[in-house]
Amino acid sequence: MKLVVLGLSLSSSWGNGHATTFRALLSAFAGRGHEILFLERDVPWYASQRDLIDPAFCRLEFYDSVEALEDWRQEIETADAVMVGSYVPDGIAVGHYVQRTARGVTAFYDIDTPVTLAALREGRCDYLSAELIAGYDCYCSFTGGPTLDLLERHYRSPMARALYCSVDASAYRPMDVPKKWDLSYLGTYSPDRQPTLEKLLIEPARLLPDRRFVVAGPQYPDDMDWPANVERIEHLAPRDHAAFYSASRYTLNVTRADMIEAGWSPSVRLFEAAACGTPIISDVWPGLNELLEPNREIIFAWNPEQVIVALHEDRADVGEAARRRILDRHISGSRAAELENWLQEAARMRTRDMAAAE
């Protein structure tokens with residue numbers, strides 16, 4: 001099929017997990033024989049930090065305004081499917097344009113579902129509206145579980161399906177590098193994640209001055225008080241992620257508050273770390289125990305003391321078990337097959353509904 005994607009970013013992984021998610025998914029989707037055009041809003045903060053200019057798996061083009069999408073009208077109009085992503089600038093206007101113009105299936109891929117729904121409830125979502133949810137043929141959601149029923153019953157989505165993040169197993173794998181850190185964390189600064197990071201990494205670092213810690217990711221406040229044994233890396237390009245995880249005895253998974261409340265919202269970092277065979281220490285939320293088995297494939301922690309206990313143990317077996325589970329169920333090839341199924345199912349529903357209307 002011919003697929004057009006309008007997403008937050010494919011070209012730059014700076015400060016967002018969308019780029020690596022799209023890269024893994026669309027590379028595998030193209031590998032199934034499909035043709036892809038990715039349209040990205042040309043914004044200065046990504047333009048200055050691009051780490052993928054000419055992807056081998058799709059055509060990447062830029063536009064500078066909603067009005068400029070007219071330059072791509074034919075591609076949007078004639079595509080078998082058009083998918084709009086969360087956090088796209090002027091996403092509401094983009095969504096209306098796509099729903100007016102596309103003749104094929106229209107889909108929304110929400111890589112931030114709980115954050116999106118919280119913003120909708122508070123009337124402050126600038127990339128999606130309730131009207132648009134009902135107008136998209138398919139809502140592909142980063143979050144599974146009860147949220148899918150909410151999208152269909154309350155927001156009148158014709159079809160809501162879980163499309164979790166995934167990992168490119170060819171890029172994320174164990175690497176033979178020396179262990180540099182006892183506990184690592186990779187993530188952009190977020191105020192609602194910071195208390196958990198303080199509790200599960202910074203406090204253990206203060207209590208274990210002889211151990212080594214690292215926090216990688218941009219946008220942390222300049223006035224943060226980092227312990228001396230916490231190394232800071234401002235930005236880590238995707239090509240360096242596997243070596244980063246492999247150099248960590250453990251890595252920390254921290255989840256945003258809205259996603260903890262919704263549950264069933266695994267982050268792309270969770271899949272990436274597991275694919276590298278690094279044991280994961282994680283905060284706890286509904287559905288995580290269905291993804292990875294506690295104490296066998298992942299270590300749960302509620303307080304600094306539990307992190308400290310783990311750091312005094314060698315649980316390489318946890319990382320190895322998690323890697324087997326993720327490679328079995330959550331690689332990009334599996335996710336691309338799911339996307340293909342959802343778009344084909346939406347096309348069948350669209351054809352049936354159009355026939356019924358006649």
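Colleague: Which strand holds threonine 251?

Modeller: We're looking at a predicted model here. Follow the chain through residues 248-253 and you're on a strand that takes in threonine 251. That strand is S11.

Colleague: Is threonine 251 buried or exposed, and at what relative accessible area?

Modeller: Buried means under 20% relative accessible area. Threonine 251 falls under that cut-off, so it counts as buried, and its value is 2%.

Colleague: Which residue's side chain makes a polar contact with the side chain of threonine 251?

Modeller: Leave out residues up to four places away in sequence, and threonine 251 touches Leu183, Ser184, Tyr185, Tyr245, Ala273, Thr278, Pro279, Ile280 and Ile281. From that list, a side-chain polar contact of 2.8 Å goes to serine 184.

Colleague: Ala273 turned up there, so on to H11. How many residues of helix H11 are buried?

Modeller: Helix H11 spans residues 268-275 and is largely enclosed by the rest of the structure. Ala273, which threonine 251 touches, is among the buried ones, along with Val268 and Phe271. Even Arg269 and Glu272 are buried.

Colleague: Over to arginine 161: which residue's side chain does its side chain make a polar contact with?

Modeller: Arginine 161 is in strand S7, residues 160-162. Setting aside neighbours within four places in sequence, its contacts include Tyr139, Trp342, Glu152 and Glu345. The side-chain polar contact is 3.3 Å, and the partner is glutamate 152.

Definitions and conventions
Residues are numbered from 1 along each chain as its sequence is written. This is a predicted model: local features need pLDDT of at least 70, side-chain atom pairs count only at pLDDT 80 or more; totals for chains, interfaces and linings use all residues. Side-chain values use heavy atoms; hydrogens and water are left out. Helices (H or I, at least four residues) and strands (E, at least two) are DSSP runs, numbered from the N terminus. A polar contact is a pair of N or O atoms within 3.5 Å; within protein, one must be able to donate a hydrogen and the other to accept it, and residues adjacent in sequence count only if both atoms are side-chain atoms. Contact means heavy atoms within 4.5 Å. Buried means under 20% relative accessible area, exposed over 50%, partly exposed in between (1.4 Å probe, protein chains only).
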